[in-house]
Amino acid sequence: MDTSLFVLGGATWINLLNTVVIHNKQPTDLLADPVITMSWLEENGLLLPGMHSPSDPANDVRIRSRLVILREIFTHVLNDLKRQGTLSASIYDEIKKCTEALDIKLTTSFKGAKLVLMYEGKTPLDQIAYTIIHSAFDMLSNISPDRIRKCEHKDCILHFVDVSKSGRRRWCSMEQCGNRHKAAQFYEKKKTKKT
């Protein structure tokens, strides 16, 4: 599988939404496969040492369950933003409940010549959830919700954050959907000219 798909969204929470893709014209949950789930975590910088153990499949189930819950919440967030440009009280309450359930600690890190104050989860699951939730809060505080877009290709359901200067990005990926669209237009023109 092409793992570049896992980071097309431009923000970790959007990347999580993009774990449901269209495959053979059907929605497919990539998180249903533990190997793909671990690849997604790795590509998004969330795979912590010792997190995945083939001898502990129950841990994979816990990770997947947490990711699916977060994906459902952020699907509602995205729907609210599209519908009304802001979060509904009920979705805000869901996020608040999820955030308050996290067990996080304040810590420091020394990166290069800089001392950094940061939060991290006390467990790997809390670290994953914190990072995803923080990604959403950070992005929504700095980027207008209208810059979160669904790919315009008719067979794609992926989303992305349009950070282009013009704000006119259309595709989750030019290499995937943009080229497919252009090729389809080319063949349609060619077919029309023959008739």
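1. Basis. Residues are numbered from 1 along each chain as its sequence is written, and side-chain values use heavy atoms, with hydrogens and water left out. As the model is predicted, local features need pLDDT of at least 70 and side-chain atom pairs count only at pLDDT 80 or more, while totals for chains, interfaces and linings use all residues.

2. Strands β3 (residues 104–111) and β4 (residues 114–121) are antiparallel and share eight bridges; strands are DSSP runs of E, at least two residues, numbered from the N terminus, and two of them pair if DSSP finds at least two bridges between them. Leu106 has Tyr119 of β4 as its bridge partner. Two residues separate β3 from β4 in this hairpin, and Gly112 in the turn has a positive phi of about 65°.

3. Helix α5. This helix (a DSSP run of H or I, at least four residues) takes in residues 124–142, 19 residues in total. From first to last C-alpha it reaches 27 Å, close to the expected 27 Å, where the expected span is 1.5 Å times one less than the number of residues. Its buried residues (under 20% relative accessible area, 1.4 Å probe, protein chains only) include Leu125, Ile128, Ile132, Ile133 and Met139, and also Asp126 and Gln127.

4. Cysteines. The whole structure holds zero disulfides, a disulfide being a pair of cysteine sulfur atoms within 2.5 Å. For Cys156, the nearest cysteine sulfur is that of Cys177, 3.7 Å away. The sulfur of Cys172 also has its closest cysteine sulfur in Cys177, at 3.7 Å, too far for a bond. Cys156 is buried at 6% relative accessibility, and Cys172 is buried at 2%.

Definitions and conventions
Buried means under 20% relative accessible area, exposed over 50%, partly exposed in between (1.4 Å probe, protein chains only).
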